[in-house]
Amino acid sequence: GWLLILLIIWVPSHARAPDVVCASQWAQSESEVHVFVKFASGMEDEAVKGVDVTAVDFGDSTLRVQAVQRGSGQRFWYSAALARAYDRERSTYKARPYGVGVVLRKLPATSAAAARWPSLLSAAGARSRGPMPSPIGAL
């Protein structure tokens, strides 16, 4: 019993909850790919409220999102290697109460069939589940 009591005493009351790798869903039209990044580890899990988006990085064929919960400091992140390149300059995001809505603008294609993405993620690089990536620089 004493060992347990000593361990509890040594745990700081401000300990931060573990980082969360966010879940996502996607859909596409002929000109856009819509991605919803949810502040939860699974789409079926309850989303965490009170989360502020701290950074969104539109890479050549990558997408990264970082957020932090107010009060607890718990960090949320999403990092994906995408199936195709997209128009980074015209892509946008909007913070939502339970996640981030991202619109990736597709690059011009010669036909509707060529514009269709076979999947959101590249064959080699599914969504990252490794350690927290380095913080995204100031946008």
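This report walks through the fold, the strand pairing and the aromatic pairs of the chain shown above.

The structure is a predicted model, in which local features need pLDDT of at least 70 and side-chain atom pairs count only at pLDDT 80 or more, while totals for chains, interfaces and linings use all residues. Residues are numbered from 1 along each chain as its sequence is written, and side-chain values use heavy atoms, with hydrogens and water left out.

Let's begin with the whole chain. It holds two helices and eight strands, where helices (H or I, at least four residues) and strands (E, at least two) are DSSP runs numbered from the N terminus. Starting at the N terminus, the order of elements is α-β-β-β-β-β-β-β-β-α. Of the 139 residues, 34% are buried, a word that stands for under 20% relative accessible area, with exposed over 50% and partly exposed in between (1.4 Å probe, protein chains only). The chain exposes about 8500 Å², and 57% of that comes from carbon and sulfur atoms; these areas come from the Shrake-Rupley method with a 1.4 Å probe, and for residues only the protein chains shown count as cover. Among contacts with a separation of 6 or more, 56% are between residues 24 or more positions apart, a contact being heavy atoms within 4.5 Å.

Now for strand β3, residues 32–38. Five of its seven residues are buried, so the rest of the structure largely encloses β3.

| Strand pair | Bridges | Direction |
|---|---|---|
| β2 (residues 23–28) and β3 | six bridges | antiparallel |
| β3 and β8 (residues 99–105) | seven bridges | antiparallel |

The link from β2 to β3 is a hairpin through three residues. Val 33 is a handy residue to look for in the viewer: Val 33 in β3 is the bridge partner of Gln 28, and Val 33 also stands opposite Leu 104 in β8.

Finally, the aromatic rings. Rings of Phe, Tyr and Trp (its six-membered ring) pair if their centres lie within 6.5 Å; planes under 30 degrees apart are stacked, over 60 edge-to-face and the rest tilted. By this rule there are two aromatic pairs. In one of them, Phe 58 and Tyr 86 have ring centres 6.4 Å apart and planes at 75°, so this pair is edge-to-face. Phe 58 belongs to strand β4 (residues 51–58) and Tyr 86 to the loop between β6 (75–81) and β7 (87–96), so the pair ties together parts 28 residues apart in sequence. Phe 58 is buried at 13% relative accessibility, and Tyr 86 is buried at 4%.

Conventions: Pairing = 2+ DSSP bridges.
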